[in-house]
Each structure stands twice: as C-alpha cells, then as structure tokens.
2 protein chains.
Amino acid sequence: MINSSKSVSLTSKTVQTGFSMNKNITLQDIAKALNISASTVSRALTDSYQIGAKTKKLVLDYAKQHHYVPNRMARGLKEGKSRSIGVLVCSIDNNFMAQMLDGIDQHCSERGYQIIIMQSKELYEQEKANVDLLYASGIDGLLISPSYQTVDFSHLTHLQELGVPVVLFDRLSKHIDTHKVAVDNFKGAYDATMHLINNGYKKIAHINWDTELSVATKRFEGYKQALEDSGIKLNNDWIKFIDTTNAETLTLQLDTALQELMDFRPSPKAIFTATDLISTKCLALLHKRGYSVPKDIALIGFSNTDLADVLNPSLSTVHQPSFEIGSLAAQQLLSLINGKDTNSFQTILLPTELQIRASSQPKN
Amino acid sequence: MINSSKSVSLTSKTVQTGFSMNKNITLQDIAKALNISASTVSRALTDSYQIGAKTKKLVLDYAKQHHYVPNRMARGLKEGKSRSIGVLVCSIDNNFMAQMLDGIDQHCSERGYQIIIMQSKELYEQEKANVDLLYASGIDGLLISPSYQTVDFSHLTHLQELGVPVVLFDRLSKHIDTHKVAVDNFKGAYDATMHLINNGYKKIAHINWDTELSVATKRFEGYKQALEDSGIKLNNDWIKFIDTTNAETLTLQLDTALQELMDFRPSPKAIFTATDLISTKCLALLHKRGYSVPKDIALIGFSNTDLADVLNPSLSTVHQPSFEIGSLAAQQLLSLINGKDTNSFQTILLPTELQIRASSQPKN
DNA sequence: CTGTTAGCGCTTTCAT
DNA sequence: ATGAAAGCGCTAACAG
C-alpha cells in the first residue's frame, strides 16, 4: 500500500506542490530504486571504509535529489546511541540560563548533537522524573544544573553506572564525581566585596540565596574572606538569606530584608548581592523606596543582564562568562561520551569579571 | 554476555553503590524474569484494554522496583511517532524568546511531549538544515518562528505534506497555511503611538527593524494609522529602518539613526521603537548622548524586559504575553498532532499590554 | 486474558 | 566491493 508504485499519485488529497503524500523516503527505498542492497546504501551514506566510488556517488546523488534524511530513531536504536544529549536546568526563563544554553547548543549542534532541554523548576522530584525521561529517550549524556532542593545525587550516579556520562555546570556539588564547570564564585564575591571596601565602604551588608548550593555558599565565603582580610568585623544583622524560587516570594522577602537592613542601627552603607535576580530586584526596590544609590546605599551584585548600563543608576556587577560555561560544559560532556579517559575528572572554574558602574561608586 | 546471568558482578570495574554495570533493563528482561511473554508485559505497561489485574500489578511492581524505563527510540520507531516536537527559533538567547519557550515547554511536558529546540540564528540555510535534522529525529510536529531571511516556505509546506504538522508563532507569514499564534502587532503599535499623541506629542519618529516580517510591517502600519487617525502628517525623515541581526551593527546603525533624527529640523519630540532590542538600546544610547528622556525626547517601544521599571528613566513599553504565545502555540500544535480537524486553520492574535512608565510622559 | 509473530529503519557481521 | 541476514526494543495484529 505504501510505496506500492513509483508513480506519483495525482489524486491523493491535498496535493499542493506536486508532491505525493508518500511518507519519508527510507534507505530501503533507495536500495530498491537503485537495485542494490540496503547494506550498500547504508555504507554509501555513512561513508564506510570501502565502497565503490561510482556506487557511492550514485547513492548520494539519489539521496540528495530525493531529499533523503536518515531516521534518527532507527539509527539510534541500532547503535545504542542517539547523538542527543539531555540538558536539565532549573528554569529556562532567565537571561543567564539562556546564555548558557546558547553556548551548549552552539557547541553541540556544530558537532551533530541534538540537545533536549528540560526544566526542573527547582523541584527535586521533577528533576528525577526528567532524568528518567531523558534516559528513556536515549540520551548519550547529561548536562545538569541541579535544582536547589537536590541533596541526594543517586539519580545521577545511577545514570553514570548505566553508562551515561554526566557533567555538572553552573551549580556544582561534591556528591558526585565527574567533570564540573562553573565560575570561581568565591573569587567573584571576594572581588566585589573588596571593590566596595576599596571605595571606602566598611559597613557592607550581604543578601544571598537561602540554599546550600555552592553557588551561594562560596559567594558568602568570598564576602566573609574579603571582610576578614580587611580587618572588618562581620555583622550578622547585615546578612540576609532569602528564598528566590519564585518572583513573588522573592520580592516580598527582599523588600522586608531591605527594610530591616535600612532601619537597623548602625545601618549598612553598601550591599553585596549574590544572585542576578536579587541584584536587579534590589535596585528596583531601593529605587521604589526612594533611596538614592549609591548615595544612601551602594550596591554591587552578581548579574548578567545586558541592561546594567541603562539601569538607574547603572549597576556594578560581577559578570559571568555564561556562554563559555555552557560551551565548555558541552565540550567536557562530549569528550566523555566519545570515550576520553574518565579517570581524571576535573572541575573547571572560569574567572568572573568585575564590571564597575555607578551603583558602587564612593559616597562623595 | 549481556545479562547472561542474574548474579551481580562484584568484580566489574568502578562498582560504586552495589549496582552492576548491567545496562538498562528492557521489556524483554521483565518478560523473562516473570516468565511471561513480551507482549503481555507491553500490555501491562501501556495499560492496554484487557490484561489480568494480577499480571498487570506483577509487571508494574517489577518494573518500578527495577527502575524500568521504556526505550523511547524503540517505541518511536515502532509507532512512527516520537512524542517529541521540534521548536525552531532564531535565537534562544533573549528574554522574550526564553519566556515563549518556557510556555511551550510547560504545555508540552505536562502532556508527555519532549521538545527539541534548535536555533536558526536568523539564517535561512540553517533553518532548512535544522528542519531536516528535526524531521530525521522523528518529531511529531514543528513549532517555528521563522528566520527573518525566510521568504520561501517550501521546506515547511513540504513537512506538512510529509504529515508533520507545523505551527507558526511570534513571526507569522501568509506563505503557509496552518495555525498561527502571535500578538496583534498592529494594535500594539497603534496603541503606543496613540498614547504618545494623547500625551501631547505630534512629532513622533519611528525606528523599526529592516525586514519584511509581519512583526515589523504590522507595527509600522499601526504607527502610520495612529498618525493618520489623528490628522498628523507622516514625515519620512523621522522613520528609520535598521539591521538588528547582531548587536554591533544594531548599535552602530541605531546610533547613526538617532543622531540623524536629533539633528534633523524640525526634530521629533518622541520615538516609537518597534522591537525589544531597539527599545532598550535606544534608551541606552540616548542616555549616553546626554539626552534627557522624556524631556528632550520621549520614548515608548515594544519590550518584554523585566527591568523596565528600573531603567533610567523607567521605560514605557508595549508588553507581549510571551508565555501565553508559547503555550497557545504548543496547544495548537498538539491538537493538530492528535488529529483535530485540520480543515480550518486559525490565526490567533493575542492582545498586547501597554505599560506606561516615565519615558513617555508629557513634556511638562 | 495471553502467547506468537512480524516488522518499524537502520547498521553490521559474515559471506561471497 | 557488495549482498544476505540478524537484531536493536518495542507494539500490534492475529491466534488461541
């Protein structure tokens, strides 16, 4: 019934451009049309080691002309690999993540790998379910930035045992042994805090994300270290941890935190914020509350927004090489997939970049 | 060799948690272990119409216990569908797109569909190649926001003929007949321009994207219509079209355009910008050139940035329901995939939202 | 209700 | 250099 005849059916319904409704042409179709065996076609198509030059050209020409495109599922099923990798992130819906995904996609698609992106929405259970789904779809490897809930990494080590390499990016954990790619959060935070100190600020508050993830803890440590190295005593009343998982809680908690900070005596004269969302939202809330930045309070924070220059005032940031994080992580994963030695897992920490703008200028 | 024995090999290398290196458990494995046929297992797993309750429970329990997860490639190959859809966009690396992708992902993943995202980077050839790749991977449908180069849509109509439904989102075209989802760009532009006029502005410039895409042309028309309806004569010297495909050209051309606009006599007193990038960049450049907004020149433009409130000054925008565009488009595609009648393709135009802030306030 | 059989499209020995 | 045949994991007639 299908392909029963070579003649183009002009009566098939919804003919629009002269094409018949014939489904995808398969390797078998080519074999039949050319009166050669399927294996020969396969060899020609995959550029096998030995194949007649003319046969090869014949096949290739026919394939191109008829717009043949190999069935990835069949090939994947046969080979036990899919040339696709899973990318599991908390949320796709923010600029920083989009930039990293861009880096991942760039690297992978140039090498013929497809990426399947899934979101955990910061939910551990969702993350586990997605890992299963990805595994089921035959991914050759997984790139993951774990949810902030994730403390048990057995779903990932299990994947490794199944032969699927895993690479962590952005958010790292010591609970799994593999390649990891992120920025040097400690140093980034240290630099930012030091910058404030160098600009004459001593009363420096810190607002961070309420999580055990190293992205947060390292930045907190960098902050503390900078203070310590400068002989400034830590003031716990100036340190706030807030829940950033959704926009509303974030705004609410941040607003409260800010109010407490500004009302406290002695009040801090500068803030170092640890995440993109906190930084920009902090600026907005300060603005709304009528505080002048940096006159009333200076601000610097981690953020990758393109709009830092246009903000009011322009926002000093610790900028992360997001695209590079993504492409490097992808590179590490592909090298794992393609059998580079798995003995020596490495953790790559890229440098952050301090971008000084108006919000962190000296008070006078 | 594989699965030759049920005994856990304790000598296999890199045993970490007591798991053997056995690969994924298959449906066949379950059948063997339970001494039933593969089809029975399959039926139990797929919740087939008639299957013994105890057998079913037996299988399900065993499957869960052994963490069985069906091979999606095998299933896809067999069924001729993959429960995955392709999403082809110009670039993932911007907030607006990320929001739409979030909407798509949400809708699809809730219904068991995987999405495969690819980027055309505004290149027609790349778009065509990606369509092939997606088709090869067995997508059940395609969601696409075409590259700005795309004028020939035969790669998409061909896909339709092959039986793969296509839905356009954000960027629409009349060259293909299918479901389409976007916002009412004409009205959004009309409203924005009208808002400026209502605020007392009559000399209104317009900066748009240099493309034939309807997103651009409709917005231009909305602008013109608002002027006409208000009895304001169009001044072609106040209308600029620029190339926004990469950040550098954009900045360069926009800067030039702005300079020409401000130097021209009579000079415009307000600008309506047609795209996200142009709007925010415009504000930045005006700021850099020392113009005061809205005192020297008012500004309103299409943009979905979360930071509009914090910009300097806060930016009046035409805001698009990005998440809804994505999820609606996904919904339309899934209904096509699942055989809802394809006779009556519809174009859904969501309303935009005018968000008035400081940049468009009356001059005095 | 369950087992047998065939086959989705492709690659890959093993022959020739 | 090419062909024949087997099989990846799964589902779906078709029997019983």
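Author: The charged end of K224(A) sits over the ring of F220(A), 4.2 Å from its centre, where sitting over a ring requires NZ of Lys or CZ of Arg within 6 Å of the ring centre and within 35 degrees of the ring normal. R219(A) likewise places its charged end over a ring, that of F302(A), at 3.7 Å from the centre. Both rings belong to a cluster in which ring pairs link F220(A), Y223(A), F241(A), F272(A) and F302(A).

The model is predicted, and local features need pLDDT of at least 70 while side-chain atom pairs count only at pLDDT 80 or more, although totals for chains, interfaces and linings use all residues. Residues are numbered from 1 along each chain as written, chains are lettered from A and ligands numbered from 1 in written order, and side-chain values use heavy atoms, without hydrogens and water.

Rings of Phe, Tyr and Trp (its six-membered ring) pair if their centres lie within 6.5 Å, and count as stacked with planes under 30 degrees apart, edge-to-face over 60 and tilted otherwise. By this rule there are twelve aromatic pairs over all chains. In one of them, Y223(B) and F272(B) are stacked, because their ring centres are 6.5 Å apart and their planes lie at 25°. This pair ties together parts 49 residues apart in sequence, since Y223(B) lies in helix α9 (residues 214-229) of chain B and F272(B) in strand β8 (residues 270-273) of chain B; helices (H or I, at least four residues) and strands (E, at least two) are DSSP runs numbered from the N terminus. Y223(B) is buried at a relative accessible area of 0%, and F272(B) is buried at 0% as well (buried is under 20%, exposed over 50%, partly exposed in between, with a 1.4 Å probe and protein chains only).

Strand β8(B) belongs to an open sheet of six strands with mixed pairing, in the order β7-β6-β8-β9-β10-β12 of chain B, where pairing requires at least two DSSP bridges between two strands. Its edges are β7 (239-242) and β12 (353-355) of chain B, each of which pairs on one side only, and the twist from one strand to the next averages 15°. Helix α9(B), which carries Y223(B), packs on this sheet, touching β6 (204-209), β7, β8 and β9 of chain B, and its direction makes about 170° with that of β6(B); contact means heavy atoms within 4.5 Å, and angles, from 0 to 180 degrees, are taken between N-to-C directions of lines fitted to C-alpha atoms, for helices over the stretch in contact. Helix α11 (residues 276-288) of chain B lies across β6, β7, β8 and β9 of chain B and runs at about 155° to β9(B). Within the sheet, β9 (residues 298-302) and β10 (residues 316-319) of chain B pair in the parallel sense over three bridges, with G301(B) opposite T317(B) in β10(B).

Elsewhere in chain B, S120(B) occupies the loop between β2 (114-119) and α6 (124-136), and at 1% relative accessibility S120(B) counts as buried. Leaving aside residues up to four places away in sequence, S120(B) touches several residues, including L88(B), C90(B), N130(B) and S147(B). Between S120(B) and S147(B) the C-alpha atoms are 6.5 Å apart, although 27 residues separate the two in sequence. C90(B), too, is buried, with a relative accessible area of 7%.
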